[in-house]
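Dear colleague,

Here is the structure I said I would pass on. My notes on it follow below.

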Amino acid sequence: MSRAAAGRSPLTAVSVSRRQLLAFGWFPFFRPKHISLAGARFRIVRNGSPKRHYLLIHGDEETARQVLTRFMETHEGTAFLIETHTRNVGIDKGEIDPNRMFSRAGAEASLKMLNAEWTAQQMQIALTLLDRGRERLVSALLPPRKGLLVALHNNSEEYSVNDEIPISDSVSLREPANPHAFFLCTDPGDFAMLAKSPYNVVLQQKKPEGDDGSLSRLAAHRGVRYVNLEVRQGNADRQLEMLRWLDWNLPGGTGVRE
Ligand SMILES: [Zn+2]
(Lines give C-alpha, C1' and ligand atoms only; values in the text may rest on other atoms or scores of the structure.)
Protein backbone atom coordinates (compact mmCIF):
# COMPACT_ATOMS: atom_id res chain seq x y z
CA MET A 1 0.00 0.00 0.00
CA SER A 2 1.40 3.45 -0.88
CA ARG A 3 1.81 6.07 1.79
CA ALA A 4 -0.97 8.13 0.28
CA ALA A 5 -3.36 5.22 0.28
CA ALA A 6 -2.36 4.16 3.78
CA GLY A 7 -3.70 7.41 5.21
CA ARG A 8 -7.16 6.94 3.71
CA SER A 9 -9.96 4.81 4.90
CA PRO A 10 -10.78 2.02 2.45
CA LEU A 11 -14.19 3.57 1.78
CA THR A 12 -12.85 6.84 0.37
CA ALA A 13 -10.80 4.89 -2.16
CA VAL A 14 -14.04 3.69 -3.73
CA SER A 15 -15.57 6.28 -6.01
CA VAL A 16 -19.30 6.29 -5.60
CA SER A 17 -21.50 8.60 -7.62
CA ARG A 18 -24.50 10.29 -6.08
CA ARG A 19 -26.68 8.46 -8.60
CA GLN A 20 -25.33 5.11 -7.46
CA LEU A 21 -25.91 6.02 -3.85
CA LEU A 22 -29.48 7.07 -4.55
CA ALA A 23 -30.19 4.04 -6.68
CA PHE A 24 -28.36 1.32 -4.84
CA GLY A 25 -27.84 2.49 -1.28
CA TRP A 26 -24.54 2.71 0.52
CA PHE A 27 -23.01 -0.50 -0.74
CA PRO A 28 -21.92 0.27 -4.31
CA PHE A 29 -21.22 -3.27 -5.44
CA PHE A 30 -24.52 -4.59 -4.17
CA ARG A 31 -26.77 -4.55 -7.21
CA PRO A 32 -30.38 -5.22 -6.31
CA LYS A 33 -32.60 -7.37 -8.48
CA HIS A 34 -35.70 -5.30 -7.73
CA ILE A 35 -36.72 -1.72 -7.18
CA SER A 36 -40.15 -0.49 -6.13
CA LEU A 37 -42.34 2.49 -5.37
CA ALA A 38 -45.71 1.85 -3.70
CA GLY A 39 -47.13 -1.30 -5.38
CA ALA A 40 -44.98 -0.88 -8.48
CA ARG A 41 -42.21 -3.46 -8.13
CA PHE A 42 -39.77 -3.88 -11.02
CA ARG A 43 -37.54 -6.87 -11.69
CA ILE A 44 -34.13 -5.70 -12.92
CA VAL A 45 -32.45 -7.73 -15.69
CA ARG A 46 -28.85 -6.77 -16.47
CA ASN A 47 -26.92 -7.92 -19.49
CA GLY A 48 -23.61 -6.18 -20.22
CA SER A 49 -23.51 -2.47 -21.12
CA PRO A 50 -25.54 -0.19 -18.84
CA LYS A 51 -25.98 2.52 -21.53
CA ARG A 52 -29.37 1.29 -22.68
CA HIS A 53 -32.27 1.07 -20.28
CA TYR A 54 -35.51 -0.69 -21.21
CA LEU A 55 -38.77 -0.47 -19.31
CA LEU A 56 -42.09 -2.27 -19.06
CA ILE A 57 -44.26 -0.08 -16.85
CA HIS A 58 -47.80 -1.34 -17.53
CA GLY A 59 -48.14 -4.90 -16.25
CA ASP A 60 -51.11 -5.82 -18.47
CA GLU A 61 -49.12 -5.11 -21.65
CA GLU A 62 -48.06 -8.73 -21.91
CA THR A 63 -46.87 -8.55 -25.52
CA ALA A 64 -44.30 -5.91 -24.53
CA ARG A 65 -43.27 -8.05 -21.54
CA GLN A 66 -42.72 -11.08 -23.78
CA VAL A 67 -40.79 -9.04 -26.37
CA LEU A 68 -38.53 -7.35 -23.83
CA THR A 69 -37.81 -10.58 -21.97
CA ARG A 70 -36.78 -12.26 -25.22
CA PHE A 71 -34.78 -9.26 -26.43
CA MET A 72 -32.68 -9.16 -23.24
CA GLU A 73 -31.47 -12.71 -23.85
CA THR A 74 -29.45 -11.51 -26.85
CA HIS A 75 -28.92 -7.76 -26.35
CA GLU A 76 -26.96 -5.67 -23.89
CA GLY A 77 -28.61 -3.27 -21.49
CA THR A 78 -30.62 -3.10 -18.31
CA ALA A 79 -34.33 -3.88 -18.31
CA PHE A 80 -36.92 -3.01 -15.67
CA LEU A 81 -40.04 -5.18 -15.83
CA ILE A 82 -43.00 -4.46 -13.59
CA GLU A 83 -44.09 -7.61 -11.79
CA THR A 84 -47.82 -6.94 -11.47
CA HIS A 85 -50.06 -8.03 -14.34
CA THR A 86 -52.56 -5.20 -14.13
CA ARG A 87 -52.28 -1.70 -15.58
CA ASN A 88 -52.67 0.00 -12.20
CA VAL A 89 -50.79 -0.87 -9.02
CA GLY A 90 -51.82 -0.79 -5.37
CA ILE A 91 -51.12 2.11 -3.04
CA ASP A 92 -52.49 2.18 0.50
CA LYS A 93 -55.96 0.67 -0.02
CA GLY A 94 -56.38 2.19 -3.47
CA GLU A 95 -54.57 2.20 -6.79
CA ILE A 96 -52.55 4.36 -9.18
CA ASP A 97 -51.35 4.23 -12.79
CA PRO A 98 -47.58 3.64 -12.40
CA ASN A 99 -46.90 5.87 -15.41
CA ARG A 100 -48.44 8.81 -13.53
CA MET A 101 -46.22 8.54 -10.43
CA PHE A 102 -43.33 10.62 -11.78
CA SER A 103 -44.65 13.98 -10.57
CA ARG A 104 -46.76 14.95 -7.57
CA ALA A 105 -49.36 16.67 -9.78
CA GLY A 106 -49.66 13.67 -12.10
CA ALA A 107 -49.93 11.27 -9.18
CA GLU A 108 -52.64 13.35 -7.54
CA ALA A 109 -54.74 13.41 -10.72
CA SER A 110 -54.41 9.64 -11.16
CA LEU A 111 -55.20 8.95 -7.49
CA LYS A 112 -58.29 11.20 -7.62
CA MET A 113 -59.59 9.48 -10.71
CA LEU A 114 -59.03 5.93 -9.46
CA ASN A 115 -59.94 6.39 -5.77
CA ALA A 116 -62.95 8.67 -5.75
CA GLU A 117 -63.90 7.58 -2.22
CA TRP A 118 -60.60 8.61 -0.61
CA THR A 119 -60.50 11.24 2.12
CA ALA A 120 -58.13 14.22 1.91
CA GLN A 121 -56.02 12.54 4.59
CA GLN A 122 -55.66 9.30 2.60
CA MET A 123 -54.64 11.38 -0.40
CA GLN A 124 -51.95 13.19 1.61
CA ILE A 125 -50.53 9.94 2.98
CA ALA A 126 -50.25 8.43 -0.51
CA LEU A 127 -48.71 11.57 -2.01
CA THR A 128 -46.15 11.78 0.78
CA LEU A 129 -45.20 8.15 0.29
CA LEU A 130 -44.66 8.78 -3.42
CA ASP A 131 -42.71 12.00 -2.80
CA ARG A 132 -40.32 10.15 -0.50
CA GLY A 133 -39.56 7.30 -2.88
CA ARG A 134 -39.85 8.92 -6.32
CA GLU A 135 -36.29 10.13 -6.83
CA ARG A 136 -34.79 6.78 -5.90
CA LEU A 137 -36.87 5.05 -8.58
CA VAL A 138 -36.18 7.77 -11.15
CA SER A 139 -32.42 7.51 -10.52
CA ALA A 140 -32.53 3.79 -11.17
CA LEU A 141 -34.71 3.99 -14.30
CA LEU A 142 -32.90 6.84 -16.07
CA PRO A 143 -29.87 5.74 -18.12
CA PRO A 144 -26.34 7.08 -17.60
CA ARG A 145 -25.49 10.37 -19.36
CA LYS A 146 -26.02 10.19 -23.14
CA GLY A 147 -27.66 6.80 -22.66
CA LEU A 148 -31.11 5.95 -23.92
CA LEU A 149 -34.28 4.85 -22.13
CA VAL A 150 -36.74 2.81 -24.19
CA ALA A 151 -40.22 2.12 -22.80
CA LEU A 152 -42.29 -0.61 -24.44
CA HIS A 153 -46.07 -0.22 -24.51
CA ASN A 154 -49.03 -1.97 -26.09
CA ASN A 155 -52.20 -0.19 -27.14
CA SER A 156 -55.73 -1.09 -28.18
CA GLU A 157 -58.28 0.50 -30.46
CA GLU A 158 -58.49 3.74 -28.44
CA TYR A 159 -54.91 5.00 -28.77
CA SER A 160 -52.64 5.56 -31.75
CA VAL A 161 -50.06 7.95 -33.20
CA ASN A 162 -52.97 10.16 -34.32
CA ASP A 163 -53.49 11.17 -30.65
CA GLU A 164 -49.89 12.38 -30.41
CA ILE A 165 -49.61 14.27 -33.72
CA PRO A 166 -51.28 17.51 -32.49
CA ILE A 167 -48.87 17.80 -29.53
CA SER A 168 -45.71 16.78 -31.39
CA ASP A 169 -42.88 18.98 -32.73
CA SER A 170 -42.14 16.78 -35.75
CA VAL A 171 -43.91 13.86 -37.35
CA SER A 172 -42.90 11.20 -39.87
CA LEU A 173 -45.67 8.85 -40.97
CA ARG A 174 -44.19 6.13 -43.15
CA GLU A 175 -47.01 3.80 -42.27
CA PRO A 176 -50.19 5.88 -41.97
CA ALA A 177 -52.40 2.83 -42.42
CA ASN A 178 -50.89 1.27 -39.28
CA PRO A 179 -51.21 4.10 -36.71
CA HIS A 180 -50.97 1.81 -33.69
CA ALA A 181 -47.30 1.03 -34.33
CA PHE A 182 -45.04 4.03 -33.71
CA PHE A 183 -42.07 5.52 -31.91
CA LEU A 184 -42.39 8.62 -29.69
CA CYS A 185 -39.01 10.21 -28.92
CA THR A 186 -37.65 13.26 -27.07
CA ASP A 187 -34.30 13.76 -28.84
CA PRO A 188 -34.05 15.42 -32.29
CA GLY A 189 -31.03 13.28 -33.24
CA ASP A 190 -32.97 10.12 -32.46
CA PHE A 191 -35.95 11.50 -34.40
CA ALA A 192 -33.78 12.17 -37.47
CA MET A 193 -32.63 8.55 -37.42
CA LEU A 194 -36.03 7.01 -36.62
CA ALA A 195 -37.60 9.06 -39.44
CA LYS A 196 -35.40 7.04 -41.83
CA SER A 197 -37.01 3.82 -40.60
CA PRO A 198 -40.03 2.36 -42.37
CA TYR A 199 -42.12 3.13 -39.23
CA ASN A 200 -44.16 6.03 -37.81
CA VAL A 201 -42.37 8.39 -35.43
CA VAL A 202 -43.16 11.60 -33.54
CA LEU A 203 -40.81 13.97 -31.72
CA GLN A 204 -41.90 15.61 -28.44
CA GLN A 205 -38.92 17.69 -27.47
CA LYS A 206 -40.39 20.83 -25.94
CA LYS A 207 -40.57 20.99 -22.22
CA PRO A 208 -44.26 20.37 -21.68
CA GLU A 209 -46.31 22.95 -19.80
CA GLY A 210 -48.64 20.57 -18.04
CA ASP A 211 -47.22 17.60 -16.20
CA ASP A 212 -49.20 14.39 -16.34
CA GLY A 213 -46.64 12.49 -14.23
CA SER A 214 -45.55 10.20 -17.05
CA LEU A 215 -41.94 9.14 -17.47
CA SER A 216 -41.77 10.62 -20.99
CA ARG A 217 -42.60 14.09 -19.56
CA LEU A 218 -39.96 13.68 -16.88
CA ALA A 219 -37.40 12.61 -19.50
CA ALA A 220 -38.27 15.65 -21.66
CA HIS A 221 -37.87 17.94 -18.61
CA ARG A 222 -34.46 16.51 -17.77
CA GLY A 223 -33.15 16.34 -21.33
CA VAL A 224 -32.89 12.55 -21.27
CA ARG A 225 -33.01 10.59 -24.55
CA TYR A 226 -36.23 8.63 -24.35
CA VAL A 227 -38.21 6.53 -26.82
CA ASN A 228 -41.68 5.03 -26.38
CA LEU A 229 -42.25 2.02 -28.61
CA GLU A 230 -45.95 1.39 -29.13
CA VAL A 231 -47.66 -1.48 -30.97
CA ARG A 232 -51.06 -3.15 -30.70
CA GLN A 233 -51.32 -5.73 -27.93
CA GLY A 234 -50.62 -9.16 -29.45
CA ASN A 235 -48.34 -7.86 -32.21
CA ALA A 236 -45.11 -9.28 -30.76
CA ASP A 237 -43.30 -9.86 -34.05
CA ARG A 238 -43.75 -6.24 -35.04
CA GLN A 239 -42.63 -4.91 -31.66
CA LEU A 240 -39.50 -7.05 -31.66
CA GLU A 241 -38.71 -5.96 -35.22
CA MET A 242 -39.01 -2.27 -34.30
CA LEU A 243 -36.99 -2.74 -31.11
CA ARG A 244 -34.18 -4.40 -33.06
CA TRP A 245 -34.27 -1.64 -35.67
CA LEU A 246 -33.94 0.98 -32.91
CA ASP A 247 -31.17 -0.87 -31.11
CA TRP A 248 -29.14 -1.31 -34.27
CA ASN A 249 -29.57 2.19 -35.68
CA LEU A 250 -29.61 4.65 -32.77
CA PRO A 251 -26.30 5.91 -31.37
CA GLY A 252 -24.85 4.16 -28.35
CA GLY A 253 -26.28 0.72 -29.07
CA THR A 254 -24.39 -2.51 -28.93
CA GLY A 255 -25.05 -3.38 -32.55
CA VAL A 256 -26.10 -6.97 -32.07
CA ARG A 257 -27.49 -8.49 -35.24
CA GLU A 258 -29.42 -11.72 -35.08
ZN1 LIG B 1 -48.55 1.36 -21.47
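This is a predicted model: local features need pLDDT of at least 70, side-chain atom pairs count only at pLDDT 80 or more; totals for chains, interfaces and linings use all residues.

The protein has 9 helices and 11 strands. An open sheet takes up 9 strands in the order S1-S2-S4-S3-S7-S11-S9-S10-S8, and the pairing is mixed. Strand S1 (34-37) and strand S8 (170-172) form the edges; each has a single partner strand, so one side of each is left without a neighbour in the sheet. From one strand to the next the twist averages 20°.

Within this sheet, S3 pairs in the parallel sense with S7 over 4 bridges, and with S4, again parallel, over 4 bridges. Leu55 takes part on both sides: Leu55 stands opposite Ala151 in S7, and its bridge partner in S4 is Phe80. How many residues of S3 are buried? The count is 5 of the 5, so S3 is largely enclosed by the rest of the structure. Both faces of S3 are covered, with Arg52, Tyr54 and Leu56 buried on one side and His53 and Leu55 buried on the other.

Further along the sheet, strand S9 (residues 182-185) runs parallel to strand S10 (residues 200-203), and 4 bridges join them. In this pair Phe183 stands opposite Val201 in S10.

Helix H3 (residues 62-72) lies across strand S2 (40-47), strand S3 (52-56), strand S4 (77-82) and strand S7 (148-155), and runs at about 150° to S4.

In helix H4 (residues 104-114) the buried residues are Gly106, Ala107, Ser110 and Leu111. They cover an arc of only 130° around the axis, which puts them on the same side of H4. Ala105, Lys112 and Met113, on the other side of H4, are exposed. The buried residues of H4 pack against strand S5 (89-91), strand S6 (94-96) and helix H5 (120-141).

**Ile82 and the contacts overall**

Ile82 lies in strand S4 and is buried, with a relative accessible area of 0%. Leaving aside residues up to four places away in sequence, Ile82 touches Ala40, Arg41, Phe42, Leu56, Ile57, His58, Gly59, Arg65, Val89 and Pro98.

For the protein as a whole, buried residues make up 47% of the 258 residues. Of the contacts with a separation of 6 or more, 67% are between residues 24 or more positions apart.

Regards

How values were computed
Residues are numbered from 1 along each chain as its sequence is written. Side-chain values use heavy atoms; hydrogens and water are left out. Two strands pair if DSSP finds at least two bridges between them. Helices (H or I, at least four residues) and strands (E, at least two) are DSSP runs, numbered from the N terminus. Axes are lines fitted to C-alpha atoms, for helices over the stretch in contact, and angles run from 0 to 180 degrees between N-to-C directions. Contact means heavy atoms within 4.5 Å. Buried means under 20% relative accessible area, exposed over 50%, partly exposed in between (1.4 Å probe, protein chains only). The arc is that of the directions from the helix axis to the C-beta atoms.
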